[in-house]
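Please keep the sequence and the structure in view while reading.

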Amino acid sequence: MSLAVIDIGGTSIKFGQYDSVTGVSFRTNASTPKTLPEFYKLLQKKIVQLRAVGDITGVAISSPGMVDQITGIIRGASAVPYIHNFPIVAELNNRFELPVAIENDANCAALAEVHAGAARDVRDAVFIVLGTGVGGAVVLNRQVRHGQHLLGGELGYMLHGEADTVSHLGTVVNAVARYNRINGTKLDGKGLYELAQHGNVSAKKAIQDMLDVVATTIFNLQYSLDPECFIIGGGVSQNPALLTDLEQALDSVMAHVGIAPLRPQIRIASFQADANLYGAAINFEQFSLRNGD
């Protein structure tokens, strides 16, 4: 099976060709169009280019938003507003004259990790994306658990404390924003970490508070969903200190619950740039099997 694979982002769209032997190849990208007609035009142009490279039997897409695979509609909202709330899969089927499958981007990344990445040896895993907010995916028996209302893995909405959410408190992006607001600085995440490493008490507290929220979320999910492991993705996952820091934060959380014997297993995501493309292809294969194609 050879597929065109597409990863829709708010700034750019990635394209490639996938087959089960060589994985993702012939990668290219383009700026995300501003309108739906321009979006269709770009995708059709790229599909023609990929077909010139080799035979394409389907189109696998990773997308922001709450993807309803039954209706072929991307619900919710995202940085690409024109792709939402109409039967986009049917429209793309007609335009490409090929079968199309779309899945949420975090779910695609999770599928990539379960099938060929950091969670390839397990059946149940929770994938946590630490970016501007906190996203994620729940994988049970190596398939994404979408939930009755497509909210499976929407970890960022979980409350932490009386009024804050995990998304608000559990990312470096928001930690540095709070630090800058209080201290009148213009640091980025790397700068905040460097300041903390040099002993700045406020910077160390900002990072520790963020880590404590993520560790608490992991602990709570372990004792509710009980997955085999947690996979951490997103830009901050490339920080070599993250895993050690999270483990130390988890030590503190577990010290408060003496009756909880099982320690969550945390791993760092293996895939980076190709995660969504690879996962989109896995989803296409699973979707085809579920629908007898």
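## Strand pairing and domain contact

In this predicted model, strand β8 (residues 125-130) runs parallel to strand β13 (residues 229-233), and the two pair over five bridges.

**The five-strand sheet**

- β8 and β13 belong to an open sheet of five strands with mixed pairing, in which the order is β10-β9-β8-β13-β14.
- The edges of this sheet are taken by β10 (143-144) and β14 (266-268), and because each of them has a single partner strand, one side of each is left without a neighbour in the sheet.
- Within the parallel pair of β8 and β13, A125 has C229 of β13 as its bridge partner.

**The β2-β3 hairpin**

- Strand β2 (residues 12-19) pairs with strand β3 (residues 23-31) in the antiparallel sense, and seven bridges connect them.
- The two strands form a hairpin in which three residues lead from β2 to β3.
- Across this antiparallel pair, Q17 is placed opposite S25 in β3.
- In general, the strands of a sheet are held to one another by backbone hydrogen bonds, whether they are parallel or antiparallel.

**Domain layout**

- The protein is divided into two parts, of which domain 1 is made of two segments (1-107 + 270-289) and domain 2 covers 120-266.
- Taken over C-alpha atoms, the centres of domain 1 and domain 2 are 28 Å apart, and their contact draws on 10 residues from domain 1 and 14 residues from domain 2.

**The interface between the domains**

- About 880 Å² is buried between domain 1 and domain 2, with 51% of this area on carbon and sulfur atoms.
- On the side of domain 1, M66, A106 and N107 together account for 50% of the area buried against domain 2, which is more than any other three residues supply.
- Zero salt bridges are counted between domain 1 and domain 2, whereas three residue pairs are found in polar contact across their interface.
- β5 (66-68) and α3 (105-116) each contribute at least two residues to the side of domain 1 that touches domain 2, and the largest share of that side, three residues, comes from β5.
- By class, the side of domain 1 that touches domain 2 consists of three nonpolar, four polar and three charged residues.

Methods. Residues numbered from 1 in each chain as written. Predicted model: local features only at pLDDT ≥ 70, side-chain atom pairs only at ≥ 80, totals over all residues. Heavy atoms only, no water. Domains from an automatic or database assignment. Contact = heavy atoms within 4.5 Å. Buried area = accessible area lost by both parts, 1.4 Å probe. Salt bridge = Lys/Arg side-chain N within 4 Å of Asp/Glu carboxyl O. Polar contact = N/O pair within 3.5 Å; in protein donor to acceptor, adjacent residues only side chain to side chain. Helix = DSSP H or I, 4+ residues; strand = E, 2+ residues; numbered from the N terminus. Nonpolar A, V, L, I, M, F, W, Y, C, P; charged D, E, K, R; others polar. Pairing = 2+ DSSP bridges.
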